[in-house]
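The structure is shown first.

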Amino acid sequence: MHKKLFIPGPVEVRPEILAAMATPMIGHRMKEYAELHGRAKNKLKALLETKGKVYFATSSAFGVMEGAIRNLVGKRCANFCNGAFSDKWHDVTLRCGKQADAIRFDWGQPVTPEQVEKTLSTGKYDSMTMIHNETSTGVMSPLPEIAEVMKKFPDVLFIVDTVSSMSALKIPVDELGIDSCIFGVQKAFALPPGLAIFTASEKALQRASTMEGRGYYFDFLEFDANDAKDNTPSTPCISLIYALDSQLDRMFSEGLEQRWQRHQALADHVRGWVTARGFELYPELPFCSKTLTCTRNSRGIDLAGLKKKLGDAGFAFDDGYGKIKGQTFRIAHMGDMTISDLDELFAAMIAIMPELA
Ligand SMILES: *Cc1c(COP(=O)(O)O)cnc(C)c1O
């Protein structure tokens, strides 16, 4: 039996998108591929509100997150860490042999513009990484306010992971001055995993051109040279790019404003449901994610038991990530989810635990 996914990635993929992946294969050096690539890329530029470069990498998000470090970190990197994925990005930075510091916030807290300003004012850094939406804790950091601070530090490259937020709310890459915006497609984009998308500003490409040890697979300059022909350095996941192209059409036919409003309504619905039942939200309300809700297990319910029974009933449920597993649970409301999908989950939860009614 298929378990309907309410976990924060991968998420449910619509049947017509899965069907797009069954499009007959083409060669990636054929003109048919360049047409597909160019078409999807132009739609992405509209969605991301960027006139800069947009590239496709066949990998999970962490492939490009590592690539960005290898291509863009020269002197020293400030890794802002407020959860498991941002902690791991710091670890990746060190594993790439780079000089870096982790600037840590307690789990459940956002990255703050004040701390970004204080850190970068030391003059020690030429690059920074942050995660817009920390999927491990359900925290969305205030990207526009941080972007304002970043304008004071034009020599520091602004590298942002939007894996679990891109397309769920407005993230205008150029206006925010993001030098490299990175996301995988299995979360907010509701595609099967295996494709990562990233942008590079002029400044980012300039930096990359001065860097040694970029490697090959994630060399931004290789991506850039191939981009001119609407192509990729090595064979891409063509089936997924068909799915991406179809999914972008769906997003534009839904309407971006409508999509953002739907995500706000989903977030409000889940927050309302859990708080009405005596659970507390894990982050403070202004920093609660719009794409997943991380909730404290304030009532001390048997989350592992609930997860197991929900699984038997056909629902994949998440009982917390890393060090807050068991103390929190996360309900994803990203991608193409609707209020009625959530109500189906809530009904199943109540059927298993009548005290949640
Ligand atoms: C899931 C996730 C990642 C890791 O993505 P992979 O595709 O598994 O490499 C990175 N950052 C965030 C915010 C995530 O949610």
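## Terms and basis

A residue is called buried when its relative accessible area is under 20%, exposed when over 50%, and partly exposed in between, with a 1.4 Å probe and protein chains only.

The model is predicted, and local features need pLDDT of at least 70, side-chain atom pairs count only at pLDDT 80 or more, while totals for chains, interfaces and linings use all residues. Residues are numbered from 1 along each chain as its sequence is written, and side-chain values use heavy atoms, with hydrogens and water left out.

## Ring pairs

The structure holds 11 aromatic pairs, where rings of Phe, Tyr and Trp (its six-membered ring) pair if their centres lie within 6.5 Å, with planes under 30 degrees apart counted as stacked, over 60 as edge-to-face and the rest as tilted. The ring centres of Tyr 55 and Phe 198 are 5.1 Å apart with the planes at 50°, so this pair is tilted. Because Tyr 55 lies in strand E2 (residues 53–57) and Phe 198 in strand E10 (residues 196–200), the pair ties together parts 143 residues apart in sequence; helices (H or I, at least four residues) and strands (E, at least two) are DSSP runs numbered from the N terminus.

## A stacked pair between helices

Trp 273 and Phe 346 form a stacked pair, at 4.1 Å centre to centre and 5° between the planes. This pair links distant parts of the chain, with Trp 273 in helix H11 (residues 256–276) and Phe 346 in helix H13 (residues 339–352), 73 residues apart. Trp 273 is buried at a relative accessible area of 9%, and Phe 346 is buried at 3%.
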